[in-house]
Structures are given as C-alpha cells and as structure tokens.
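Look over the sequence and the fold, then read on.

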Amino acid sequence: MLGNRRQALVSWDTEEAPRRALSCRVVPYSVEHKALVADLQRHLWNPDARLNASYLEWKYHRNPYIRDPLIYLAFIGDKLVGMRGAFGTRWEVGDPAEFFTLPYPDDSVIDPVYRRQGIHRTIMNFALRDLARRGYRYVVNLSAGRITVEASLKMRWRDAGKVRALYRRTLRKTAADFLSDRVRHLPLLWRWADDGSRHSGDHLFDRLDARFSAPDCWRGTGSLFAQKTPLTREMSQLVARLPRDGRIRHVRDERFLAWRFSNPLRNYRFLYFGREPIRGYIVLQQSPGVNGDRACIVDWEAESDLIRAELLSAAIEYGKFPELCFWQLGTSPAAAQLVDHHGFKSFHGLHENCVLVRSLRDNALGAPWILGGRRLDDANQWDLRMIYSMVA
C-alpha cells in the first residue's frame, strides 16, 4: 500500500472543493470492471494492479456480509475516472445482542487528471441513494482521512467521536524521526531522509518470530505462543465466553476473523496465552511498504487484566518494535492504565480517525440516530477496536 504522504495527497485532491463541475456517468460495478478498478486503484491501494485485483476480490467479492459488491464507478466516455466502494460490516448492540448489517463506504479515488471537478460528490450522492434503495438504514466509516472527514460532514454525516491513536516509540526511533525531519528540507539530503523512513519493511516481525522459533507450531514459552496464522475458532470462542456491556461493537465470530485476516495488503502476527482453550490473544499488524517500522495492535482480548498485561508486555519485550500503535476509544480503564504504564503517548499533528456515521433516510437527517437502542453518534456507545476499521 502507498505511504501516508501519498495517501494524504490522494485524499486532498479527491475531496477538495471542485474548481468546476464536470459531467460524468456513474454506474454500479460489475465483474467486467475488475481490471479497470485494479488499475485505477494504483493511485490508492498499491502500484501493483495484480495485488489490487486480489484486494478487490477479498474485500468486496468475498465479504461475509454483503456478497454483491457495492462499488460505484464514474466514467467520462469509456474512461474510468473515479470510484467509491461500500463493503459489508456486521454490528452487535445490547445484551442479549441485536445484529445489524451496515455498509462501510471506503476506497474513494479519482484519477489525478480529473480531481477537484466535483466527481467525488457525484459518486457519493449516487451511492447514498442506491444504498437507501437497497434498504440499508445507516452507513459507517472508521478510517476516513482528514479531508474526507471535512467533505463528509458537509454531506450531513455526523462525527461520533475521535479515535485517539497512542504510540510507543523507542528512543532510537524518536531520534531517527527527529533527524529525518531536520534534514528533509536540506539540499541533497532529502533523498536520505525518505530512504531512512523505511527501516524494517517486511522484517518487522523477525524478532518475535525468532523468539518463538516455530510460529506456525503449537510451541512457545510458558503459557505464551505465537503464530503467523490465526486460530479463528479459538479466538471467536474466547470472545463469546467473555461478558459484553451492550455497547456497539463489530461481530468477531469465526467467519469474520477468517475473512479479516486474509487481507492481502497486511501482515499479521498472533500472540496467544493459554491452550485448549486459549485465554487471551493480541493481534499485531504491519502494512508492507507503509510505516515499515510501525506495528499496530489491532485487537487485544483476555479473560483477565493479568493475562492482558502479560500479552502486552510480551509483545513489547519480544517484538522490540521501533513504534507500536494502539487505538483508544471506549477501551477499558484497565487497558488504558496498561498502555499508559508502558509509555504510549499521543503525538500532536497526527491525524485522528473519526467514527463517521450517516442516516440513509433523508427524513431522518435531523433526528436522533438509534441502533439497537443506542445513539449511533455518541462516542460513549462504542466499543471500538482497530480491527473493525480498514486501518487494520
């Protein structure tokens, strides 16, 4: 996937106010468009169109909740110039739980030649009307960039709360970033600064793998073991055993986890506590080619605070990651204390993801938005984890 700098530029050019209106034809996606979409998404997903085709297949064709791909394409003549997708998500609310399928609009991209000409808004209006016609009540987005957030709020989305991203950085990482920022604008040295931002690449998990020696075997140290492949059944069984508090959270059953961790644009590692049954897990993720020295905690679950603490300590001690990221919105007080104890901090100037929601019913845009008896636009009603978003 492309780096954050490039993605920021894509979002800016895609969402900025149009300099002039440009007429285009918006049509729903069909399978014959697959190659065109994979090629267009070189501006957002990955420079490799073949890898984009695999991602498209995974995200939209094999989605466990909406099997008919909901993708909206803008054409000028025979040329594909823009896209917006909406993949399926499944949410549980209350105890006992009620279940709701919500589309998640994502993957907005406009051909660079045609940006700032109103195409994004045209596509999004078409998509919202079509999703309403299909009977969906709300849409949700947990991974919008800053400019996408601004554009969405103008289209009567609501911001349900900021996602506070916390980072634990080694002194070496902090010093390297400081030096890189200082030399980036100096003549002849900016190339070194850019090269220095890709330290670890696909080797980020080497230390963790070496510590557990056989990551795909049931071996490890003590009650801990690590794998490259997920134990989706055991993980879902652990989630099902634990009490829920009724807040809005995504389903984490075996079907979802198997799909979630098949993302071809991500690398994952799974650290477990206990066997038969497992009593806790922490899932670590890295995006190849993006922030090569950053690992993200995308999910973290355990039977007790002691197990949760041991998992986090092991990830830090054995992974030795230059940077470790954790999302904090609706997390438990015990988990918040643990990340604070280990030196996780927020950094000014970094984009904070938002929980964006929108009603698809025009006559409800000014009313309260309720899902399973909970206010959809209230951050206190969410139990949010990175695994629910496309950041993971």
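A charge sits over a ring if NZ of Lys or CZ of Arg is within 6 Å of the ring centre and within 35 degrees of the ring normal. R211 meets this rule: its charged end lies over the ring of Y318, 4.4 Å from the centre. R158 does likewise over the face of W369, at 3.7 Å from the ring centre.

The model is predicted, and local features need pLDDT of at least 70, side-chain atom pairs count only at pLDDT 80 or more, while totals for chains, interfaces and linings use all residues. Numbering starts from 1 along each chain as its sequence is written, and side-chain values rest on heavy atoms, with hydrogens and water left out.

## Aromatic rings

Rings of Phe, Tyr and Trp (its six-membered ring) pair if their centres lie within 6.5 Å; planes under 30 degrees apart count as stacked, over 60 as edge-to-face and the rest as tilted. How many aromatic pairs does the structure hold? There are 17. In one of them, the ring centres of F87 and Y104 are 4.5 Å apart and the planes meet at 25°, so this pair is stacked. It links distant parts of the chain: F87 belongs to strand 3 (residues 79-93) and Y104 to strand 4 (residues 98-110), 17 residues apart. Strands here are DSSP runs (E, at least two residues), as are helices (H or I, at least four), and both are numbered from the N terminus.

F87 has 3% relative accessibility, so it counts as buried. Y104 has 0% and therefore counts as buried.

F261 and Y268 make another pair. Their ring centres are 5.1 Å apart and their planes lie at 75°, so the pair is edge-to-face. Both F261 and Y268 are buried.

F87 and Y104 also belong to one aromatic cluster, together with W45, Y55, W58, F256 and W259.

## Nonpolar cores

A nonpolar core is a set of buried Ala, Val, Leu, Ile, Met, Phe, Trp, Tyr and Cys residues joined through side-chain atoms within 4.5 Å. The largest one has 66 residues. Which of them touch the most other members? They are L73, M83, M235, V355, W382 and L384. Strand 3 gives this core its largest share, five residues.

Contact means heavy atoms within 4.5 Å. Apart from its neighbours within four places in sequence, L384 is in contact with L142, V163, W327, L329 and V355. A second, separate core holds 30 residues, including F212, L271, I316 and Y318.

On a 1 Å grid over the protein atoms alone, a cavity is a set of points where a 1.4 Å probe fits but cannot get out; a pocket is an open set with protein on both sides within 12 Å along at least five of seven lines; lining residues have an atom within 4 Å of a point. Grid points are joined across faces, edges and corners, and a volume is the space filled by probe spheres set on the points.

The whole structure has two cavities of 30 Å³ or more. The largest cavity has about 40 Å³ of space. Its lining includes F87, H250, F256, W259 and Y388. Strand 3 and helix 10 (254-260) are the elements that give two or more residues to this lining.

The second largest pocket has a volume of about 530 Å³. It is lined by 28 residues, and E301, R308, S332, D383 and R385 are the closest to its centre. Strand 12 (294-302), helix 11 (305-319) and strand 13 (323-328) each supply at least two lining residues. Strand 12 gives the most, with six.

## Backbone details

| Cis bond | Omega |
|---|---|
| D95 to P96 | near 5° |
| E276 to P277 | about 5° |

P96 is in the loop between strand 3 and strand 4. P277 lies in the loop between strand 10 (267-273) and strand 11 (280-286).

E276 is not a glycine, yet it has a positive phi of about 45°. With 76% relative accessibility, E276 counts as exposed. K320, also not a glycine, has a positive phi of about 50°. K320 is found in the loop between helix 11 and strand 13. Just after helix 5, R156 takes a positive phi of about 70°. Helix 5 (residues 146-154) has buried residues of its own: I147, T148, V149, A151 and S152.

Technical notes:
Buried < 20%, exposed > 50% of the residue type's maximum accessible area, 1.4 Å probe, protein only.
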